[in-house]
Amino acid sequence: MDRSSKLILRKVIVDFLCLAVVGITVLMFYLFGKPYKRGFFCNDESLSHPYHDSTITSMMLYIVGIFLPVFTLILGEFLHARHCTEQTGKVLFGYSVPLWVCNAYEKVGIFLFGTACTVLITNVAKYSVGRLRPHFMTLCVPNVNCTLPENQYKYIENFVCTSSSITAMQYKELRLSFPSGHSSFSAYTMIYLAMYLQLRIRWKGSKLLKHFLQLICLLMAWFTAMSRISDYKHHWSDVLAGSAIGIVCALVVVGIGLLGPSISSASRETLYIADLFGEEKQYPVEKHQSTDYETEIGMQVNNGTANHNY
C-alpha cells in the first residue's frame, strides 16, 4: 500500500469515526435519555392547548432534510467536475477515483456531520431544560385538582399522568419542548442547501432560477417551523431558539462567518469546516474567454491611452 493511499484511508476512517461518535451520542439520547422533570402551574394556559398530529412528521422531516440535500450535493459536484480545469482526481490502491467522487465525499460528509451536530446540540438543550409542551394538560391529564384555590398559583412538581392513551414515548416527549428539533433541523439543512445552490448554480439561462430555488428551501424551513406552533407541539420561543440553532450551525459549517471570504487560505482552514466559497479562489472553473466586443473595447481604450500619452 503506497503512502498516498494510506493517508486517504486514514482520513476516511477518522471521518467515519467522528461522524459515528456524534451519531451514536444522538441515538443514546433517543433511547436512554431522561429529560429534566419540570413542574407546572395550574393557571398556566400555555400548557392547555389541544393535542394535534404533526403536519410535518419526523419521517417526512428526515427524508426530505437528508436525501434532498445529499442528492443535490452529489449531482452538483458531478456537474461541477465536468467544467473544472485545474483539479484532478486521486489514486486509491492503484485505482483512479474521479474528481466528483472526492468532492462529493467531502461535501456530503461535512453536511451529515453538521446535521448530526445540530441534532446533538438541540438534544442537549431539550434534555437539560425539560420544558413541557403546549398540549401537556390535554395529553397527560395530571392527577391534580386545579380547581382548588390552594393549587391556583402553586408550582406542582409531584404529579402522575392519568390518561390511559398516553404511551411511554409520548410521556417522554411531553418534556422535550425547548428547543424545537424540527425547527433546528429544517433550518440547518435548508439553509445549507440554499448556500450550496449559491455556490454551484452558474447557469446563465436565467437570472432568477437560482434565487427561486433558494426561496423554496427557505420556505420549506419556515413552514416546518410555523407548523410546530400551529400544531401546538412547541411554544413560539421553542421554535425561535430551534431556528437560531439551525441557522448558526449552517453558517459555521458552510464557512461564511464574520471574517468573510477575504482572509488567507491557511487561516480559513483553521476557522471554517466546509468553506464552500473559499475554494473558488483555489480551484477556479473554466477560464473566461474575451468576446470580440470586449477585445474591440480594449483596443479602443489602449489606442486612446497611447494617443493621449503622445
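Author: A salt bridge here is a side-chain nitrogen of Lys or Arg within 4 Å of a carboxyl oxygen of Asp or Glu. The model is predicted, so local features need pLDDT of at least 70 and side-chain atom pairs count only at pLDDT 80 or more, while totals for chains, interfaces and linings use all residues. Residues are numbered from 1 along each chain as its sequence is written, and side-chain values use heavy atoms, with hydrogens and water left out.

Reader: With which residue does Glu-173 form a salt bridge?

Author: Glu-173 lies in helix 5 (residues 168-173), and its partner sits in the loop between helix 3 and helix 4, so the pair ties together parts that are 40 residues apart in sequence. Helices are DSSP runs (H or I, at least four residues), numbered from the N terminus. The N to O distance is 3.0 Å, and the partner of Glu-173 is Arg-133.

Reader: Is Arg-133 buried or exposed?

Author: Buried means under 20% relative accessible area, exposed over 50%, and partly exposed in between (1.4 Å probe, protein chains only). Glu-173, at 27%, is partly exposed. With a relative accessibility of 6%, Arg-133 counts as buried.

Reader: How far apart are the closest N and O atoms of Asp-238 and Arg-131?

Author: Asp-238 is buried, with a relative accessible area of 0%, whereas Arg-131 is partly exposed at 26%. The closest N and O atoms of their salt bridge are separated by 2.8 Å.

Reader: How many salt bridges does the structure hold?

Author: Another of them joins Lys-11 and Glu-106, with closest N and O atoms 3.4 Å apart. The total number of salt bridges is four.

Key
Helices (H or I, at least four residues) and strands (E, at least two) are DSSP runs, numbered from the N terminus.
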